[in-house]
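Visitor: I would like to learn how to read cavities, pockets and helix packing in a model. Please take me through some cases.

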Amino acid sequence: MSVLTRDEAQSRAKLLDVHRYTIELDLTTGDETFESSTVIRFATRAHGDTFIELRPAALHSVTLDGEPLDPRTLVDNRLPLNDLTAGDHELRVGASMRYSRTGEGMHRFTDPTDGETYLYTQLFMDDVQRVFAAFDQPDLKSVFELTVKAPDTWTVLANSITEHLGDGHWRAAPTPLISTYLVAVAAGPWHSVRTEHHGLPFGLHCRRSLAPHLDADADELLEITRQCYDRYHEKFEEPYPFDSYDQAFVPEFNAGAMENPGLVTFRDEFIYRSAVTDTERQTRAMVIAHEMAHMWFGDLVTLQWWDDIWLNESFAEYMGYQTLTEATRHTDTWTDFGVVRKAWGYDADQRPSTHPVAPENVDDTASALLNFDGISYAKGASALRQLVTWLGDKDFLAGINTHFARHKFANATLADFIDSLAAHTDRDVHAWADAWLRTTGVDTLTPTLTGSNGDHTLTVDHHGSRPHRVAVGLYDLDLADEGRLTLRERLEVDIPQTTPRPIGKRPALLLLNDGDLTYTKVRFDPTSFETVRTGLSGLPDPLTRAVVWNALRDAVRDGDLAPTAYLDAARAHLPRETDLALVEGVLSFASRQVADRYVTPEQRPAAVATLSALCRDLIRRTEDGDHPGLRLIAVRHFIAVAAHPDTIAAWLADGTVPGGPELDPDLRWRVLARLAVLGATDDAAITAELDRDPSATGREGAALCRAALPDADAKRAAWATMFEDDSLSNYLFTATAQGFWQPEQSDLLADYVPRFYQDAVAVAARRGPAIAEAAGRWAFPAHAADPDTLRLGEQCLADADPIPALRRKLVDQLDDLARALRVRGA
């Protein structure tokens with residue numbers, strides 16, 4: 001397939017104005033393909049040649065201004081339109097299109113619970129051409145009119161209000177000017193909850209088998225939606241720009257959600273079948289807030305080319321967290337951001353694949369797809385939070401509203417946005433943007449305290465190039481409450497410093513970046529580190545504790561703190577932790593990184609035992625029933641690190657953890673998966689559990705469990721399923737991969753490590769970016785941190801020519817393995 005280059009897009013945008021798409025889709029023609037008819041009305045500014053993009057199963061007809069074109073001129077995904085005269089034109093294209101099983105284009109899913117079928121589009125980047133013919137680039141906005149033929153029992157949703165015309169025919173109202181990648185259709189026998197807010201239709205939609213679970217949470221979902229909508233209207237002068245707001249929770253979705261105007265699609269794991277923590281509800285609320293922010297950042301004003309994806313994602317990320325904090329009951333969202341999302345950004349920014357928040361060298365769509373990562377989301381949002389700290393909220397919002405006014409229903413660049421901000425401040429925003437958005441890597445700040453008695457000064461050593469405005473927290477031990485730390489003073493310091501800062505007497509803890517308002521690694525002076533080691537849980541504010549835990553995490557990854565010391569800190573302080581996001585974040589890093597990768601194989605049993613003991617402490621602490629979220633986290637992690645099957649097997653047999661919780665479907669599959677890893681269950685038990693839970697999630701659970709069995713035949717079958725069966729959906733592929741590699745089974749799996757590289761390259765080439773990403777992320781032998789794995793991977797990168805999506809994942813995975821080896825050596 002040909003990928004669109006920036007130069008081609010710029011040339012086409014100079015030649016064309018695209019006025020209107022009239023699209024007819026027939027979804028009643030079978031299980032493999034659907035019919036797509038497109039009429040595009042456009043104008044050319046001069047005589048010239050161009051092309052339309054399309055990836056059909058069969059191209060039936062093409063006419064340009066009433067004259068037929070030869071369908072055989074379609075090469076890869078491009079149909080040439082040559083010798084166009086200046087003026088208006090009409091292109092008509094009729095084709096059969098393939099349904100997708102990988103979450104790209106028009107995804108088709110049949111629910112194993114009840115046999116009902118659902119379809120939805122995911123047209124991001126360059127997948128619109130899997131559904132209809134298009135001039136597929138973000139700066140050729142157009143009006144879209146859709147009609148859809150569907151089975152009589154289905155409902156059809158789209159970007160705008162849809163009307164049922166009878167006999168399964170649906171018509172969507174014409175959209176305002178939007179980009180091709182934002183067009184959306186969702187069709188099936190949806191269960192819907194509908195209401196209105198300020199005269200605007202709101203809807204929630206899911207597949208019928210999830211109806212009771214959506215109904216249980218509908219009030220919460222709609223309340224969050226209303227609160228965010230109202231808060232955005234307080235912030236933004238431009239009103240919501242579309243005619244409705246539907247949120248569809250769809251199966252086997254590759255992303256968390258997609259900001260299609262008027263029809264946001266979410267992965268339907270957000271419709272909870274089993275118990276979840278309040279932090280997970282907060283995460284769902286943040287995704288709702290994030291996607292709604294996109295209605296302005298991305299949909300109303302859209303990037304001109306994919307080098308400015310941060311204008312979409314960084315802003316939606318920042319606004320999502322900030323608006324949730326301001327408008328809803330979730331007032332501690334920045335703690336979750338600090339311990340989870342920011343870590344994602346820090347990790348991505350220290351790999352060879354790092355890139356600036358606003359890169360200048362995104363030459364084509366394949367390169368652009370690789371930049372939807374922790375840098376474009378978390379680092380970009382962190383940079384914006386620092387910008388607001390430096391600029392002030394009033395001037396920041398004024399600049400945003402100027403940006404909307406100047407570019408609504410059009411496209412904009414980084415330069416346009418900076419000009420809008422600069423109109424409201426005397427600060428040099430252009431210099432700030434160059435320093436923050438055009439550079440890579442993570443700065444590091446290290447404090448030095450000098451002086452004696454009550455007369456100390458602070459000097460901050462700055463390793464990096466960006467300016468920072470940081471808060472410095474000075475904490476003293478509370479003599480009346482042993483172990484508690486109290487904030488003496490919080491100072492504002494500009495980095496780089498011009499002069500040392502007087503701080504008075506030496507504090508027990510000096511914490512740089514208190515409040516987490518900038519993006520940097522921080523270190524401790526020796527006295528402060530000793531206080532952290534003994535008194536971390538005595539810090540009064542969860543966001544402060546998140547900064548400290550992140551600093552410890554960074555120190556482990558940099559080889560400056562022994563992995564076992566991190567485990568000791570977790571063992572000492574998590575039993576007294578109250579913030580669920582912190583408990584989950586620390587336990588996840590301790591288990592998935594420290595125990596599974598950073599300690600040596602010889603040290604791993606002791607590390608797992610430490611985590612098991614820690615989880616037992618948390619379970620005992622929550623026996624009173626007052627902390628159900630904390631107990632649920634502890635139970636999940638206890639299951640994940642269980643070294644012996646007896647306790648969790650008894651839970652499964654009894655259907656409950658003593659003292660609660662009862663084992664819901666999620667916990668039952670977690671227990672069975674761990675029993676599979678330990679060789680304490682078999683295929684018959686997995687089949688029985690699938691009979692008990694025949695849902696899509698149950699199928700994924702069964703696939704994971706079967707792949708996790710420590711049996712040569714089970715491993716062979718799982719491998720063949722992943723790398724030879726191209727009918728496997730994206731979710732079943734991922735579930736199988738998640739079960740396959742287990743640190744406890746390294747001897748059994750040794751022969752598959754070299755096979756991974758050749759088979760992953762082949763399946764990625766056949767099945768495309770979504771499966772390539774899943775293969776590189778989940779099917780990679782991440783436990784095998786040894787020089788041979790690195791050597792094989794480097795050889796693959798040099799000789800095998802993996803497609804860009806897989807190459808990026810391999811580069812990242814190999815760098816993470818190399819880091820693990822360095823940590824072990826340190």
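Guide: Start with the largest cavity, which has a volume of about 70 Å³. Bear in mind that this is a predicted model.

Visitor: How is empty space found in the first place?

Guide: Rolling a probe the size of a water molecule over the atoms shows where empty space is left. In this structure there are three cavities of 30 Å³ or more.

Visitor: Which residues line the largest cavity?

Guide: Its lining consists of F297, G298, V301, T302, L303, L311, N312, F315, H403, A412 and F417.

Visitor: How many residues line the second largest pocket, and which lie nearest its centre?

Guide: There are 26 lining residues, and those nearest the centre are P601, P743, E744, S746 and H783. By class, the lining has 15 nonpolar, four polar and seven charged residues.

Visitor: Which helix gives the most to the lining of the second largest pocket?

Guide: That is α15, with four residues. The elements that each supply at least two residues are α14 (580-598), α15 (604-621), α23 (746-749), α24 (752-767) and α26 (787-799).

Visitor: Now helix packing. What are the angle and the axis distance for α5 and α12?

Guide: Helix α5 (residues 333-349) packs against helix α12 (residues 542-557) at an angle of about 20 degrees, and their axes are 9 Å apart. Angles under 35 degrees count as roughly parallel, so α5 is roughly parallel to α12. Their crossing is right-handed.

Visitor: Which residues of α5 and α12 meet?

Guide: On the α5 side they are W334, T335, G338, V339, K342, A343, Y346 and D347; on the α12 side they are P542, L543, A546, N550, R553, D554 and R557. The contact of α5 with α12 has seven nonpolar, three polar and five charged residues.

Visitor: One more pair, please. How do α22 and α25 pack?

Guide: Helix α22 (residues 730-740) and helix α25 (residues 769-778) have axes 9 Å apart and an angle of about 15 degrees. That makes α22 roughly parallel to α25, and the crossing is right-handed. From α22 the contact takes N730, F733, T734, A737 and Q738, and from α25 it takes I771, A774, A775 and W778.

Visitor: What classes do the residues of the contact of α22 with α25 fall into?

Guide: Six are nonpolar and three are polar, and no charged residue takes part.

Methods. Residues are numbered from 1 along each chain as its sequence is written. This is a predicted model: local features need pLDDT of at least 70, side-chain atom pairs count only at pLDDT 80 or more; totals for chains, interfaces and linings use all residues. Side-chain values use heavy atoms; hydrogens and water are left out. Axes are lines fitted to C-alpha atoms, for helices over the stretch in contact, and angles run from 0 to 180 degrees between N-to-C directions. Angles under 35 degrees count as roughly parallel, over 145 as roughly antiparallel, 65 to 115 as roughly perpendicular and the rest as oblique. A crossing is left-handed if the near helix is turned anticlockwise from the far one by less than a right angle, and right-handed if clockwise. Contact means heavy atoms within 4.5 Å. Ala, Val, Leu, Ile, Met, Phe, Trp, Tyr, Cys and Pro count as nonpolar, Asp, Glu, Lys and Arg as charged, and the others, Gly among them, as polar. On a 1 Å grid over the protein atoms alone, a cavity is a set of points where a 1.4 Å probe fits but cannot get out, and a pocket is an open set with protein on both sides within 12 Å along at least five of seven lines; lining residues have an atom within 4 Å of a point. Grid points are joined across faces, edges and corners, and a volume is the space filled by probe spheres set on the points.
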